[in-house]
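Open the structure in your viewer and get ready to select residues by number. Take each stop in order.

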Amino acid sequence: MANLKEIRNRITSVKSTMQITSAMKMVSAAKLKKAQDAITAMRPYANKLTELLQSLSATLDADSGSKLADQREVNKVLIVAITSNRGLCGAFNSNIIKQSKNLINNVYAGKQVDVFAIGKKGKDILSKTNTVIENRSDVFDDLTFDNVAEIAEKLMGLFEDGSYDKIEIVYNKFKNAATQIVMTEQFLPIVPMESEANVQQDYIFEPSKEEIVEELIPKSLKTQLYKGIRDSFASEHGARMTAMHKATDNAGELRDSLTLTYNKARQAAITNEILEIVGGAEALNN
């Protein structure tokens, strides 16, 4: 009977876990809808801004570019690792950490590589083996363009003052609730724009193309970082919803298996009791 009690306790525990994972799945599904709408609405703007910047930059002289486009010898690299503040979202965080370590240990081996963490999980793991110069996990508490722009301005300052020669962003790009793509994007210096043969020349620029580009470059970088964080935010909820859905299904299978085991053990106990009663009755008759 002690064995039956243990199985009953396990069934109760699994049912309780199912309720938690099912609730987490529904919460993530609700948050995912809002996050997905936000990144879907933002992508056309970000793409058009980049296209406009490319069109303008293609017509500028090489010596009229921004300091943010300076191509220097790469000795000091900063990796901006965008993870989440919480777990229970499958391989979402581990994929970013794995890619960050690949950049540190392989791509930029032998160079000074530091980490700028956006998200508590990345900071906790990467700080064990690398220098994390700052952690901005608080940005997810109020994810607005202004708050992200503050981080982007700091990154631009670190590049302009020579603290780092190259800055890379590593994040999960949202494709759908079940699929997130690990992306590595060069944030700074700005990737040189290739001249386009079909660039339109019949525009009147006021005040000038140079000043417009100087204004667009910081805005484009802020938008790039904001899009990356928005993508990661949507991917997090998609990954957590998928992980909790699988956890709920697995808990259901375990509950059914335990219930079958319990019924078999209970039936065996009842059969043993009947045999004992019959055996006792036979002994009395003899």
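The tour goes from the whole chain down to single residues.

**Stop 1: the whole chain.** You are looking at a predicted model. Show it as a cartoon. The protein chain has 5 helices and 5 strands. Trace them along the sequence and you get the pattern α-β-α-β-α-β-α-β-β-α.

Now turn the model around. The C-alpha atoms fill a box of roughly 115 × 40 × 30 Å along the principal axes. A compact globule of 286 residues would have a radius of gyration near 19 Å, but this chain has 29 Å.

**Stop 2: surface and contacts.** The protein chain exposes about 16000 Å². Carbon and sulfur atoms supply 51% of that area. Buried residues make up 39% of the 286 residues. Next, think about contacts between residues at least 6 apart in sequence: 78% of them join residues at least 24 apart.

**Stop 3: charges.** Colour the charged side chains. There are 36 positive and 37 negative ones, and the centres of the two sets lie 10 Å apart. Side chains of opposite charge can pair when their charged atoms come close. The count in this model comes to 11 salt bridges.

**Stop 4: Arg136.** Select Arg136, Asp138 and Glu150. What links these three residues? They are joined in a network of salt bridges. Asp138 pairs with Arg136, and their closest N and O atoms are 3.0 Å apart. Glu150 also forms a salt bridge with Arg136, with the closest N and O atoms 3.8 Å apart. That pair links distant parts of the chain, 14 residues apart: Glu150 sits in helix H4 (residues 145-160), and Arg136 in the loop between strand E3 (132-135) and H4.

Is Arg136 buried or exposed? Arg136 counts as buried, because its relative accessibility is 13% and the cut-off for buried is under 20%. Asp138 is partly exposed at 39%, and Glu150 is partly exposed at 44%.

**Stop 5: Asp256 and Arg255.** Select this pair. Their side chains meet in a salt bridge, 3.2 Å from N to O. Asp256 is partly exposed, at 45% relative accessibility. Arg255 is partly exposed too, with a relative accessible area of 27%.

**Stop 6: two backbone details.** Go to Leu188 and Pro189. A cis peptide bond joins them, with omega about -5 degrees. Pro189 is in the loop between strand E5 (179-188) and helix H5 (209-285).

Finish at Leu88. Its phi is near 60 degrees, a positive value in a residue other than glycine. Leu88 lies in the loop between strand E1 (76-82) and helix H2 (92-107). Leu88 is exposed, with a relative accessible area of 55%.

How values were computed. Residues numbered from 1 in each chain as written. Predicted model: local features only at pLDDT ≥ 70, side-chain atom pairs only at ≥ 80, totals over all residues. Heavy atoms only, no water. Helix = DSSP H or I, 4+ residues; strand = E, 2+ residues; numbered from the N terminus. Rg over C-alpha atoms; globule rule 2.2 N^0.38 Å. Buried < 20%, exposed > 50% of the residue type's maximum accessible area, 1.4 Å probe, protein only. Contact = heavy atoms within 4.5 Å. Areas by Shrake-Rupley, 256 points an atom, 1.4 Å probe, with all protein chains shown as cover. Lys, Arg positive; Asp, Glu negative; His and termini not counted. Charge placed at Lys NZ, Arg CZ, Asp CG, Glu CD. Salt bridge = Lys/Arg side-chain N within 4 Å of Asp/Glu carboxyl O.
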